[in-house]
Amino acid sequence: MSVLRAVLSQPSGAIGVALVTGHVALALLSPVILPHDPIAQNADLILRAPSLTHPFGTDRLGRDILSRAMLGGREAMLIATLSTLIAMIWGTAVGLFLALVGGRTDTYVMRIVDALSSIPGILIVMIFVAALGVGPAALIPILGYSYGLGVVYIARAAALDFVARDFVMSAQARGHARTIILLREVLPNVRDSLAVQGAMQWSWLLLGVASLSFLGLGVAPPTPDWGLMIADARGVMPTAPWAVLWPMAMLSSLIVGVNLSADAFAKALGVDRQTGVRTA
Amino acid sequence: MKLLDAQDLTICRSGSDSAIVSAASLALGPGETIGIGGESGCGKSTLLLALMGIVKPGLTVTGGRVHISGKDLATISDGTMRGLRGRFVAMVPQSAAMALTPTMRVGAQLAEAMAVHDASPPGDIAAHTTALFEKVRLPEPDRIGKRYPHELSGGQMQRVAIAMALACRPKLLLLDEPTTGLDVTTQAGILDLLGDLRRETGMAMVCVSHDIGVLARLTDRVAVMYAGRIVEERPTATLLTRPAHPYARALLASVPRIEIPGLPPSIPGSPPPPGMSGPGCAFAPRCSRAHAACEQVPTLLPLPDGGRIACHAPDHGPQAPVKGPGPRGAPEAGMPVIAVRNLVVRYRRASFLARITRQRPPDPVVADVSLTLARGEILGLVGESGSGKSTILRAIAGLWPPSAGNITLDGANLPARVTARDRAALRRVQVVFQNPDASLNPRHTVREILAQPLRLYFNANPAEVEARARSLIADVRLDPAHLDRRPAQLSGGERQRVALARAFAAEPDVILCDEVTSALDVSVQASVLSLIHDLCHARGTSCLFVAHDIAVVAALCDRVAVLHQGRIVEQGPARSVCSIPEHPFTRSLIGAVHRIPDVHDNSFRVG
């Protein structure tokens with residue numbers, strides 16, 4: 001609780017938390033409060049400028065942009081959240097294990113992780129989407145895997161700071177099992193660093209999912225999605241800028257909100273956001 | 001004119017009135033040497049920095065004045081201050097290893113220190129650096145400047161730091177713990193150097209140290225600080241033999257002394273945290289002579305011998321050595337609990353290239369060491385850093401597998417690796433580490449820390465854990481309220497007690513203590529030593545006590561093994577090894593101990 005208070009007492013932290021809370025609330029409540037059907041096309045209302053009935057205007061199929069912008073983060077957030085969880089869990093488990101075991105196992109497994117990291121994530125996504133088709137079921141495991149590689153480095157580096165300390169040595173000397181040492185001695189000490197890292201992963205994944213949708217590899221139409229909406233309207237940008245502006249504003253406000261919150265939490269917890277190392 | 005004159009200097013935390021240093025006054029004439037002693041957190045380093053006009057961030061000078069050669073530091077400009085620093089007053093920082101830039105050759109760093117105040121051509125500067133390296137007695141003074149700090153030993157780095165302070169020929173040298181962290185024989189070399197420099201140059205010195213023995217070798221006068229105040233300032237010889245302030249007397253008594261066997265008495269209680277002392281005399285709660293008048297803060301009053309004291313109930317009698325229970329004679333014969341035979345430990349295997357080119361393998365860290373530990377015996381293992389003493393302990397604990405040799409527990413072979421040992425064998429051998437800051441998980445409460453061995457070895461349920469934890473915390477003389485605290489909320493001594501309680505929670509037959517008191521203040525050390533002594537005796541536990549300080553070993557241990565370069569050079573009953581050492585290395589180890597003279601010891605001289 002004192003951490004949350006420290007976050008909210010920083011202006012940037014308060015703004016960030018407000019933005020994220022607003023977006024999450026909107027994603028959860030939007031089906032109930034939608035002003036128009038987001039999928040219904042209307043040939044009479046193509047590319048209308050913002051008006052009282054359609055405050056954000058309409059797109060080139062005559063769909064209400066406000067309704068679509070309200071719903072457009074739901075699927076991206078779902079995919080980003082689940083793949084962040086997968087990435088954090090497997091990345092942390094492998095990273096902590098390697099830090100504790102050390103020696104040859106650590107060296108060899110890390111070289112494999114290096115090799116896997118050298119394959120561009122977008123390439124893997126394209127291969128899997130070509131094989132399995134677009135949609136959350138294909139994206140979540142792929143993104144969870146490829147973003148988890150980065151977590152391995154961070155978790156290992158954060159844990160290395162602690163495995164050399166005497167309290168871990170002391171637990172080893174007592175003869176505790178390795179899993180117990182990882183969970184009880186190491187994990188509580190790297191928890192804060194990893195929580196901040198998780199928030200950063202979430203923001204990268206949100207952006208990543210939006211980019212994939214923009215490229216046609218993410219969310220399948222006609223589901224409303226910010227990335228898709230931007231891709232769809234980019235041809236009419238000179239004549240109907242509102243069709244691009246609103247999804248962009250929604251996406252960037254969420255990303256900025258997550259980053260501001262992560263920064264504020266990092267400061268409140270005393271963690272260096274780049275390296276994941278505790279500074280206080 | 002006084003070289004240095006500090007009057008009623010008070011330094012508080014910014015924005016509060018909690019004083020880290022209270023009304024400290026010190027004066028120093030040319031060529032004089034004064035020591036500031038006291039335990040960690042007493043404000044001695046803060047005071048020393050303030051004498052140079054430096055206050056750490058978060059602190060503010062709220063009262064008093066410092067004059068250096070007649071100039072008031074509070075009123076002079078930054079430019080004048082910079083002119084004074086280096087040329088008039090210079091400082092040797094606490095840790096030379098931290099103070100030297102790791103990526104710059106030491107000669108260049110020294111040249112830089114000179115260039116600040118000296119516009120000589122580069123050729124002259126090079127000659128000057130060589131001369132300075134020679135002055136601080138570094139080997140190969142004309143070539144050592146080409147080395148980087150990590151290529152030097154700890155003692156050599158300290159000499160470079162001293163050379164940098166001497167670069168602009170200051171009249172006043174401030175030394176912050178100049179020998180802390182160095183081996184005793186290296187310490188002796190640095191102290192000899194400082195003493196000679198002082199005689200040659202006539203420099204005045206202010207030396208801060210927690211080690212009264214260091215101050216005894218270097219200073220004319222010593223000021224003892226407690227809770228931010230100077231409580232007693234006396235000529236060094238007088239302070240050492242007839243201290244009058246109850247704190248100074250207790251502090252000196254708690255230093256283990258090799259010539260008097262037995263455990264030194266400790267001071268009850270613990271000092272208030274910096275800036276948190278209550279009203280009245282800060283030492284009164286721990287003082288046996290405290291009375292009603294001690295509710296008023298005593299003022300620092302002059303004494304007939306030129307010293308000063310701040311106490312309502314000083315004790316001017318001579319200090320009689322008081323010793324607690326000490327080492328026993330020869331331990332009972334019989335099967336040893338732990339027997340180490342022909343132990344060899346290497347840090348690295350010879351590399352593939354070295355093996356095919358048949359190079360000589362690297363020297364082992366521990367070479368052919370055999371020792372036994374009898375039931376209930378406390379065995380001291382003493383040596384300098386790098387002698388392999390901690391490595392032997394780790395090999396017995398199974399944390400560092402040996403290259404050769406074997407270790408038995410009650411005659412049964414102990415597997416080399418901790419992971420290969422069964423739970424019963426693990427329970428019977430417990431380790432206590434050097435630094436309790438590192439050996440206790442900062443995220444756990446004391447209850448959780450003590451629960452670990454209880455759950456692991458005895459499958460204790462929560463009720464049993466609670467009951468055992470309470471009795472253990474009482475055994476190490478702590479309060480049950482400590483069970484809910486985390487390590488950061490405990491003092492250094494309390495943490496080491498918790499670490500001992502955790503080791504004894506396993507009801508071990510053997511505890512392995514790795515330099516367990518070297519991170520502690522001397523009065524806390526005395527209480528931890530007596531705790532180890534009492535716990536081992538009450539339970540019949542054997543103890544392998546690794547230490548670098550032979551005086552500590554002499555005070556606690558029944559038997560001593562002296563380790564030098566990975567080999568045991570001498571072992572025997574503590575009393576005989578320390579009073580009649582046979583091996584030259586043991587003799588040099590004992591000779592390097594900074595003796596505190598007795599009342600009757602007239603051979604002692606200052607400087």
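Q: What share of chain A counts as buried, and what makes a residue buried?
A: A residue is buried if 20 or more other C-beta atoms, placed from the backbone, lie within 10 Å of its own; 12 or fewer make it exposed, and counts in between make it partly exposed. By that rule, buried residues make up 44% of the 280 residues in chain A. This is a predicted model: local features need pLDDT of at least 70 and side-chain atom pairs pLDDT 80 or more, while totals for chains, interfaces and linings use all residues. Residues are numbered from 1 along each chain as its sequence is written, with chains lettered from A and ligands numbered from 1 in the order written.

Q: What secondary structure does chain A have?
A: Helices (H or I, at least four residues) and strands (E, at least two) are DSSP runs, numbered from the N terminus. Chain A has 11 helices and zero strands. Its C-alpha atoms fill a box of roughly 75 × 45 × 30 Å along the principal axes.

Q: How do you know that chain A touches chain B, and how many residues take part?
A: Two residues are in contact if their C-beta atoms, placed from the backbone, lie within 7 Å. On that test, 14 residues of chain A are in contact with 19 residues of chain B. Helix H8 (166–174) and helix H9 (178–214) of chain A each give two or more residues to this side. H8(A) gives the most, with eight.

Q: What makes a set of residues a nonpolar core, and which members of the largest one touch the most others?
A: The set must be buried Ala, Val, Leu, Ile, Met, Phe, Trp, Tyr and Cys residues joined through C-beta atoms within 7 Å. The largest core has 259 residues, and Leu544(B), Phe545(B) and Val553(B) touch the most other members. Helix H11 (residues 242–269) of chain A gives the most to this core, with 14 residues. Beyond four places in sequence, the contacts of Leu544(B) include Leu373(B), Leu379(B) and Val510(B).

Q: Is strand E20 (residues 542–547) of chain B mostly covered or open?
A: Mostly covered: six of its six residues are buried. Ser542(B), Leu544(B) and Val546(B) lie on one side, and Cys543(B), Phe545(B) and Ala547(B) on the other. In a regular strand the side chains alternate between the two faces of the sheet.

Q: What makes two strands a pair, and which strand does E15 (residues 378–382) of chain B join?
A: Two strands pair if DSSP finds at least two bridges between them. Five bridges join E15(B) to E20(B) in parallel, so the pair passes that test. Leu381(B) has Val546(B) as its bridge partner. Strand E19 (residues 510–514) of chain B also pairs with E20(B) in the parallel sense, over five bridges. There, Cys513(B) is partnered by Phe545(B).

Q: Why are strand E6 (89–92) and strand E11 (301–302) of chain B called edges?
A: They belong to an open sheet of eight strands, ordered E6-E7-E8-E3-E9-E10-E12-E11 (chain B), with mixed pairing. Each has a single partner strand, so one side of each is left without a neighbour in the sheet.
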